[in-house]
Amino acid sequence: MKIHLPNSAFIHNINSFLKGFNPDNPNILEITADDKWVFVHPLVVSMVAALGLKMGKENVSFQKSPAKSMHYFERIGLFNMLGVDSDIKIEEHEESGRFIPVTQIRTSEEQSRFISDVIPLLHLKEQYQVQTIVYVLGELVRNVLEHSESKHGAIVCAQYYKDSNCIRIGIADTGIGIKASINASWAAKDHLEAIQLALFPGITGTTKKVGGTTQNAGAGLFFIKSIAKTNRDYFLIYSGDSMYKLHKAPQRKRLKLNADPFDDKHAVVSNLPFWKGTVVGIDITLDQTQEFDTLMRLFRDVWSKAVSERKRARYKTPKFS
Amino acid sequence: MEIYIFEKTGKFAENKDIARDIRISELLPALEHEEKVIIDFDGIEVATQSFVHALLSEAIRKYGHNFFEKVEFRKCNESTKQIISVVADYIQDSLET
């Protein structure tokens with residue numbers, strides 16, 4: 001496998017980075033980086049770390065780059081997770097801002113400890129911002145632990161960006177992917193349809209029943225996408241050969257949550273290099289973060305309607321002759 | 001019976017395994033014995049939908065609308081109230097179809 005850390009890769013311009021990923025030769029991982037500057041979304045860091053863990057450090061090579069930003073990757077823990085010696089010594093005065101180092105989570109106990117430990121690192125000022133971040137981290141990690149069947153668990157990373165007052169979160173796994181997970185109960189014909197189903201409220205791979213089971217409601221990803229939508233932020237999900245990207249909702253347009261992700265302003269790409277597992281990225285602009293209870297009210301409005309419509313879609317129609 | 005969520009989860013109620021344990025070992029047995037139950041969210045800053053779903057959905061499905069006669073939620077912040085209401089709504093919807 002080959003993966004290249006480019007000059008820039010954020011959700012809005014992620015496509016060329018994803019297209020450049022080469023999953024051939026799955027027993028080794030060759031990582032290269034831009035020579036001048038590497039400025040990437042945490043989902044990119046999570047992806048590289050997830051691949052490295054899957055390969056094992058003896059099968060990972062990182063071509064050294066003179067880019068000053070390699071210090072950032074040392075600081076955020078990427079080299080450590082890859083088992084690669086970067087030869088970089090971090091000095092006290094080097095400032096990386098507020099971030100959550102790349103972290104591997106394999107159990108629900110690790111998840112709870114992680115969430116309690118990392119929230120203070122982000123120095124969030126408002127209660128609703130804490131609620132939003134806890135929610136996003138909690139639901140995304142939980143999804144991996146419950147559905148991915150990845151023996152390496154969830155790889156999470158986050159960074160606060162001062163200029164845009166935004167927290168960006170990335171989570172990656174190298175498990176079975178959304179299509180295999182959702183098709184335990186549903187029948188998605190391809191990876192893109194599987195992503196669409198996974199984002200639909202009330203759909204979970206654990207049951208054919210719309211509305212879920214005792215333990216799963218099928219709401220997690222819909223809820224995360226709804227947070228991005230109401231905050232007018234980006235959201236991305238990539239699994240198998242397909243990617244769904246939620247675009248920023250226009251500022252002047254009245255907010256409405258849609259059950260079907262394809263009814264939102266979005267982009268999809270199929271025939272991407274195959275990612276065996278799932279990657280999710282989300283941006284949370286803090287000064288746009290909706291009050292959490294406002295989000296809940298919007299969510300409440302759309303949920304019942306969506307589940308009812310989904311059930312009705314499966315009703316048999318009477319035959320008339 | 002009174003169930004104190006904070007004692008089991010800390011301020012972030014997001015671990016569904018803990019929700020399941022409370023449901024199985026405390027909530028359902030108490031309802032089985034026709035006890036009144038108070039679920040206390042004092043100190044909880046965030047309760048996720050998946051936590052609340054794992055905690056309540058089986059009991060609401062089992063006891064239907066009577067669940068809400070027997071169970072009271074105490075000291076919830078506004079977003080936890082909203083989460084509980086959302087879960088209560090969609091589980092009851094599922095009972096009616």
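**Contacts, core and helix packing**

A: Leaving out residues up to four places away in sequence, A:Val102 touches A:Val45, A:Ser46, A:Ala49, A:Ile76, A:Gly77, A:Leu78, A:Met81, A:Ile155 and A:Cys157. Contact here means that two C-beta atoms, placed from the backbone, lie within 7 Å. This is a predicted model, where local features need pLDDT of at least 70, side-chain atom pairs count only at pLDDT 80 or more, and totals for chains, interfaces and linings use all residues. Residues are numbered from 1 along each chain as its sequence is written, while chains are lettered from A and ligands numbered from 1 in the order in which they are written.

Q: Is A:Val102 buried or exposed, and why?

A: A:Val102 counts as buried because 26 C-beta neighbours lie inside 10 Å. The cut-offs are 20 or more other C-beta atoms within 10 Å for buried, 12 or fewer for exposed, and partly exposed in between. A:Val102 sits in strand E6 (residues 99-105) of chain A; strands (E, at least two residues) and helices (H or I, at least four) are DSSP runs numbered from the N terminus.

Q: Which residues of the largest nonpolar core touch the most other members?

A: A:Ala49, A:Leu78, A:Val136, A:Val156, A:Ile171 and A:Leu236, out of 124 residues in that core. A nonpolar core is a set of buried Ala, Val, Leu, Ile, Met, Phe, Trp, Tyr and Cys residues joined through C-beta atoms within 7 Å.

Q: What does A:Val156 touch?

A: Not counting residues up to four places away in sequence, A:Val156 touches A:Ser46, A:Ile100, A:Thr103, A:Ile105, A:Leu137, A:Val141 and A:Ile171.

Q: New topic. How many residues of chain A are in contact with chain B?

A: 31 residues of chain A, against 27 residues of chain B. On the chain A side, helices H5 (108-118), H6 (127-148), H9 (220-230) and H10 (292-313) each supply at least two residues. H10(A) gives the most, with 11 residues.

Q: How does that side of chain A divide by class?

A: Into 12 nonpolar, 13 polar and six charged residues. Ala, Val, Leu, Ile, Met, Phe, Trp, Tyr, Cys and Pro count as nonpolar, Asp, Glu, Lys and Arg as charged, and the others, Gly among them, as polar.

Q: At what angle do H5(A) and H6(A) pack?

A: About 165°, with their axes 10 Å apart. Axes are lines fitted to C-alpha atoms, for helices over the stretch in contact, and angles run from 0 to 180 degrees between N-to-C directions. The angle therefore makes H5(A) roughly antiparallel to H6(A). Over 145 degrees counts as roughly antiparallel, under 35 as roughly parallel, 65 to 115 as roughly perpendicular, and the rest as oblique.

Q: And which residues make that contact?

A: A:Ser108, A:Gln111 and A:Ile115 of H5(A), with A:Val134, A:Leu137, A:Gly138, A:Val141, A:Arg142 and A:Leu145 of H6(A). By class there are five nonpolar, three polar and one charged.

Q: Over to chain B. How do the axes of H2(B) and H3(B) cross?

A: At roughly 30°, and the axes of H2 (residues 16-32) and H3 (residues 49-63) of chain B come within 8 Å. H2(B) is therefore roughly parallel to H3(B).

Q: Where does B:Ala30 lie?

A: B:Ala30 is in helix H2 of chain B. With 18 other C-beta atoms within 10 Å, B:Ala30 is partly exposed. The C-alpha atoms of B:Ala30 and B:Met1 are separated by 7.0 Å, although the two are 29 residues apart along the chain.
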